[in-house]
Amino acid sequence: MASSPRKYTAEFKQRAVQLWRESGTTYAEVARGLGIDESTLRGWVHKADAAGAAGGGEPAGPFQMEEELKRLRRENAQLRRDNEILLKASAFFASRNL
């Protein structure tokens, strides 16, 4: 039975990338110490490097930006649903007043 992928906080990802950069060792050694897969750490480093090269090196970092984007997308979807309900309600009440 396959387990669901683990969720890591943006702070954990940033610290893992920073630890790898400062350690001067391999991905495997740092990943083993953190209890994560080597390919996971490698992906985080590449993502951080790509964000830095693209000018996305704000203090928040690429991982916080990703979490913020997910939150904003959820919020946007909720607001769209709320708006649809309000439109239906206003149409219903408008038809009753005629």
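Is Phe-93 buried, partly exposed or exposed, and at what relative accessibility? In this predicted model, Phe-93 counts as partly exposed, at 48% relative accessibility. The legends below begin with the whole chain and return to this residue in the last view.

**Figure 1. The protein chain contains four helices and zero strands.** Read from the N terminus, the order of the elements is α-α-α-α. The chain has 98 residues, of which 18% count as buried. Among contacts in the chain with a separation of 6 or more, 50% are accounted for by residues 24 or more positions apart.

**Figure 2. Helix α1 and helix α2 cross at roughly 135°.** Two packed helices are described by the angle between their axes and the distance between the axes. Helix α1 comprises residues 10–23 and helix α2 residues 27–34, and their axes come within 10 Å. Angles over 145 degrees would count as roughly antiparallel and those from 65 to 115 as roughly perpendicular; α1 and α2 are therefore oblique to each other. Their crossing is right-handed.

**Figure 3. Residues of α1 and α2 make the contact between the two helices.** On the side of α1, the contact is made by Phe-12, Ala-16, Leu-19, Trp-20 and Ser-23. Helix α2 contributes Tyr-27, Val-30 and Leu-34. Sorted by class, the contact of α1 with α2 has seven nonpolar residues, one polar residue and no charged residues.

**Figure 4. Tyr-8, Phe-12 and Trp-44 form one aromatic cluster.** Five aromatic pairs are found in a search of the whole structure. One of them joins Tyr-8 and Trp-44: the ring centres are 5.3 Å apart and the planes stand at 75°, so the pair is edge-to-face, since planes over 60 degrees apart count as such. Tyr-8 lies in the segment before α1, whereas Trp-44 belongs to helix α3 (residues 38–53), so the pair ties together parts that are 36 residues apart in sequence. Trp-44 has a relative accessibility of 9% and counts as buried, because buried means under 20%. Phe-12, the remaining member of the cluster, also takes part in the contact of α1 with α2.

**Figure 5. Phe-92 and Phe-93 form an edge-to-face pair.** The centres of the two rings lie 5.3 Å apart and their planes are at 70°, so the pair is edge-to-face. Phe-92 is partly exposed, with a relative accessible area of 43%. Phe-93 likewise counts as partly exposed, at 48%. Both assignments follow because partly exposed lies between the limits of 20% for buried and 50% for exposed.

Methods
Residues are numbered from 1 along each chain as its sequence is written. This is a predicted model: local features need pLDDT of at least 70, side-chain atom pairs count only at pLDDT 80 or more; totals for chains, interfaces and linings use all residues. Side-chain values use heavy atoms; hydrogens and water are left out. Axes are lines fitted to C-alpha atoms, for helices over the stretch in contact, and angles run from 0 to 180 degrees between N-to-C directions. Angles under 35 degrees count as roughly parallel, over 145 as roughly antiparallel, 65 to 115 as roughly perpendicular and the rest as oblique. A crossing is left-handed if the near helix is turned anticlockwise from the far one by less than a right angle, and right-handed if clockwise. Contact means heavy atoms within 4.5 Å. Ala, Val, Leu, Ile, Met, Phe, Trp, Tyr, Cys and Pro count as nonpolar, Asp, Glu, Lys and Arg as charged, and the others, Gly among them, as polar. Rings of Phe, Tyr and Trp (its six-membered ring) pair if their centres lie within 6.5 Å; planes under 30 degrees apart count as stacked, over 60 as edge-to-face and the rest as tilted. Buried means under 20% relative accessible area, exposed over 50%, partly exposed in between (1.4 Å probe, protein chains only).
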